[in-house]
Amino acid sequence: MRTPIIAGNWKMNNTVEEALSLVRELKETLNDVKDREVVVCPSFTALYAVANELKGTNLKLGAQNCYFEDEGAYTGEISPVMLKDLGVEYVVIGHSERRTYFNENDDLVNKKAKALLQKGLKPIICVGETLEQREAGETETLVRKQVFRDLDGIEPYQLKDVVIAYEPIWAIGTGKTATSQEANRVIALIRATIKEMYSEKEANTLRIQYGGSVKPGNAKDLMNQRDIDGALVGGASLKAESFEAIVKY
Ligand code: PEP
């Protein structure tokens with residue numbers, strides 16, 4: 001019922017030429033994939049070139065961040081309008097690296113989510129706990145709080161364009177993955193939170209990804225879990241071979 005969505009977050013990697021060469025390889029191997037959505041998220045500098053390369057393919061274009069205003073005196077920022085203009089469809093917001101290194105909080109993530117939806121773009125909203133929070137038994141409270149705050153004021157009809165990525169911070173780029181059962185348990189909790197905030201209908205249709213050291217070797221087990229609807233992939237999305245293997249789990 002929910003179409004899985006697998007997104008590659010390339011982070012701060014790849015020149016334009018490198019991005020083009022990666023996306024050309026992905027086009028060859030992933031263009032025939034029909035039963036799941038595949039998204040690539042290059043850095044801003046490569047978006048225009050990658051957008052042109054993806055024309056006429058099944059692959060979707062994503063960005064890794066944005067600001068919430070349309071335009072104006074916000075030096076260094078990129079607006080949803082600009083991303084839309086390039087053919088971007090998805091935008092990752094609230095990634096733990098943005099929250100940690102750039103002090104982004106749920107209030108800002110919420111503003112970005114609303115601005116994106118208003119412009120017809122689809123936010124991939126990242127939530128997840130640190131190791132300290134997990135060890136202190138705070139995972140459930142923290143993740144529920146993030147979901148409540150990040151979705152505040154988003155209307156039920158807009159949820160069809162929202163994706164949530166549950167990314168335990170201790171699993172990002174560390175090689176440590178949550179067990180598929182544990183990832184599913186927290187994702188089911190997020191789904192229950194959506195039911196509480198909206199209704200069963202929205203809870204059943206909202207797509208929730210898992211992210212955190214997803215690799216070809218663990219993708220299938222994760223994706224086969226009942227509540228997991230795809231993956232947000234960092235490191236393993238930088239090589240066509242491993243990203244292909246994950247997409248085709
Ligand atoms: C990410 O950046 O969202 C991520 C999950 O990274 P990695 O797959 O490298 O852990």
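## Cavity and pocket

On a 1 Å grid over the protein atoms alone, a cavity is a set of points where a 1.4 Å probe fits but cannot get out, and a pocket is an open set with protein on both sides within 12 Å along at least five of seven lines; a lining residue has an atom within 4 Å of a point. Grid points are joined across faces, edges and corners, and a volume is the space filled by probe spheres set on the points. By this test the structure holds one cavity of 30 Å³ or more.

This is a predicted model, in which local features need pLDDT of at least 70 and side-chain atom pairs count only at pLDDT 80 or more, while totals for chains, interfaces and linings use all residues. Residues are numbered from 1 along each chain as its sequence is written, and side-chain values use heavy atoms, with hydrogens and water left out.

## The largest cavity

The volume of the largest cavity is about 40 Å³. Its lining includes Gly94, His95, Ser96, Arg99, Cys126, Glu167 and Ile172. Helix H4 and strand S5 (122-127) are the elements that give two or more residues to this lining; helices (H or I, at least four residues) and strands (E, at least two) are DSSP runs, numbered from the N terminus.

Sorted by class, the cavity lining has four nonpolar, five polar and two charged residues. Here Ala, Val, Leu, Ile, Met, Phe, Trp, Tyr, Cys and Pro count as nonpolar, Asp, Glu, Lys and Arg as charged, and the others, Gly among them, as polar.

## The largest pocket

Of the 16 residues that line the pocket, Lys11, Met12, Gln64, Arg98 and Phe102 lie nearest its centre. Two or more lining residues come from each of helix H2 (44-54) and helix H4 (96-101), and H4 gives the most, with three. Eight residues of the pocket lining are nonpolar, five are polar and three are charged.

## The ligand site

The ligand is surrounded by 14 residues, and Lys11, Glu167, Gly173, Ser213 and Gly234 are the closest; a residue is near the ligand if one of its heavy atoms lies within 4 Å of it. This shell has four nonpolar, eight polar and two charged residues.

Several polar contacts (pairs of N or O atoms within 3.5 Å; within protein, one must be able to donate a hydrogen and the other to accept it, and residues adjacent in sequence count only if both atoms are side-chain atoms) can be listed. An oxygen atom of the ligand lies 2.9 Å from a polar side-chain atom of His95. For the side chain of Glu167, the distance from an N or O atom to a ligand oxygen is 2.7 Å. Gly173 uses a polar backbone atom, 2.6 Å from an oxygen atom of the ligand. Of the 290 Å² of accessible area that the ligand has on its own, the protein covers 98%, as computed by the Shrake-Rupley method with a 1.4 Å probe.

Ser237 sits in the loop between strand S8 (230-233) and helix H11 (240-247). Ser237 counts as buried because its relative accessibility is 0%; buried means under 20% relative accessible area, exposed over 50%, and partly exposed in between (1.4 Å probe, protein chains only). The side chain of Ser237 reaches the backbone oxygen of Gly234 at 2.7 Å, and a polar atom of that side chain lies 3.2 Å from the backbone oxygen of Val233.

Ala51 belongs to helix H2 and is buried, at 10% relative accessibility.
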